[in-house]
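Biologist: I have a new chain open on my screen. Can you walk me through it?

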Amino acid sequence: LAAAGRALVDALEAASGAERLGIIGTLGVRRETGAVPALAKMVAAAGRPGPDGAQGADGDLAAVGAAAASSLGEIDHAEALAALERAWGGSAGPLRDALGDALLRHANRKLAAGDRREARRIFQQVHENENEGHLRTAAFQGVIRAAGDDGLPLLLAALSGPKEDAR
């Protein structure tokens, strides 16, 4: 099975279009840790401003970056998480949404494994730095769940504070 993962990673460079997106998705489904450097590179390339100043200006580049972010979200590895966190800070648009979703999947996996501290750190990071309602709300829910017994006071404070703070 390891040989299959290496073959998929090797095929990434030559592939394009739907085939490349399929390989990227397969790497995520297989949770191929050996693919993390290549996927991280794709995410970083999609987040760099294009010649016109827009991030991921090339539609294919943007789709590849979002797919790579999604796959990194499936790979439970410290470098996958680090790559997502590096790229997320300055991202925008669909890439930012894909990165935020991938970060939340990492946080949920950490929480399910009992690592409340790391899960809460990731959830808090997304909650404090995200403007999109759905990601911000999901992150806040995660903060509450990861907080354990301290979650109820956080929830009550959010419900009694300004509406925008609760999201």
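Biologist: Let me start with Glu-13. Is Glu-13 buried or exposed?

Modeller: Glu-13 is exposed, because its relative accessible area is 60% and the cut-off for exposed is over 50%. Keep in mind that this is a predicted model.

Biologist: Where does Glu-13 lie?

Modeller: Glu-13 lies in the loop between α1 and α2.

Biologist: And how far is Glu-13 from Ala-38 in space?

Modeller: The two are 9.2 Å apart, C-alpha to C-alpha. In sequence, Glu-13 and Ala-38 are 25 residues apart. Both residues also line the largest pocket.

Biologist: Good, pockets. How much space lies in the largest pocket?

Modeller: About 170 Å³.

Biologist: Which residues line the largest pocket?

Modeller: The lining is Glu-13, Arg-20, Ala-38, Lys-41, Met-42, Ala-45, Arg-48, Asp-60, Leu-61 and Val-64. Two elements give two or more residues to this lining: α3 (36-47) and α4 (59-74).

Biologist: Which element gives the most to the lining?

Modeller: That is α3, with 4 residues.

Biologist: Let me zoom out. How many helices and strands does the chain have?

Modeller: The chain has 9 helices and 0 strands. Read along the sequence, the pattern is α-α-α-α-α-α-α-α-α.

Biologist: What share of the residues counts as buried?

Modeller: Of the 167 residues in the chain, 39% are buried.

Biologist: New topic, salt bridges. How many are there?

Modeller: The count comes to 8 salt bridges. Side chains of opposite charge can pair when their charged atoms come close.

Biologist: Give me one to look at. What does Arg-30 form a salt bridge with?

Modeller: Arg-30 pairs with Glu-32. Their closest N and O atoms are 2.8 Å apart.

Biologist: Is Glu-32 buried or exposed?

Modeller: Glu-32 is buried, because its relative accessible area is 14% and buried means under 20%. Arg-30 is partly exposed, at 31%.

Biologist: Where does Glu-32 lie?

Modeller: In the loop between α2 and α3. Ala-4 is 28 residues away from Glu-32 in sequence, but 9.8 Å away in space, C-alpha to C-alpha. Leu-8 is 24 residues from Glu-32 in sequence and 9.4 Å in space, C-alpha to C-alpha.

Biologist: Which helix holds Ala-4?

Modeller: Ala-4 is in helix α1 (residues 2-11). Ala-4 counts as partly exposed, with 34% relative accessibility.

Biologist: What about Arg-31? What does Arg-31 form a salt bridge with?

Modeller: Arg-31 pairs with Glu-74, and the closest N and O atoms are 3.1 Å apart. Arg-31 sits in the loop between α2 and α3 while Glu-74 sits in helix α4, so the pair ties together parts 43 residues apart in sequence.

Biologist: Which residues are linked in a network with them?

Modeller: Arg-31, Glu-74, Asp-101 and Arg-105 are linked in a network of salt bridges. Arg-31 is partly exposed, with 45% relative accessible area. Glu-74 is partly exposed as well, at 22%.

Biologist: What is the phi of Arg-31?

Modeller: Arg-31 has a positive phi of about 55°, although it is not a glycine. Most residues other than glycine have a negative phi.

Biologist: One more salt bridge, please. What does Glu-118 pair with?

Modeller: Glu-118 forms a salt bridge with Arg-121, and their closest N and O atoms are 2.8 Å apart. The two are 3 residues apart in helix α7 (residues 116-129), so about one helical turn separates them. Arg-121 is partly exposed, with a relative accessible area of 36%.

Biologist: Last topic, the surface. Which residues form a nonpolar patch there?

Modeller: Leu-152, Leu-155, Leu-156 and Leu-159 do. Together they have about 400 Å² of accessible area.

Biologist: Where does Leu-156 lie?

Modeller: Leu-156 lies in helix α9 (residues 151-160).

Terms used. Residues numbered from 1 in each chain as written. Predicted model: local features only at pLDDT ≥ 70, side-chain atom pairs only at ≥ 80, totals over all residues. Heavy atoms only, no water. Patch = residues over 30% accessible without salt bridge, like charges linked within 9 Å, V, L, I, M, F, W, Y side chains within 5 Å. Areas by Shrake-Rupley, 256 points an atom, 1.4 Å probe, with all protein chains shown as cover. Salt bridge = Lys/Arg side-chain N within 4 Å of Asp/Glu carboxyl O. 1 Å grid on protein atoms, 1.4 Å probe; cavity = no way out; pocket = protein on both sides within 12 Å on 5 of 7 lines; lining within 4 Å. Points joined across faces, edges and corners; volume = space filled by probe spheres on them. Buried < 20%, exposed > 50% of the residue type's maximum accessible area, 1.4 Å probe, protein only.
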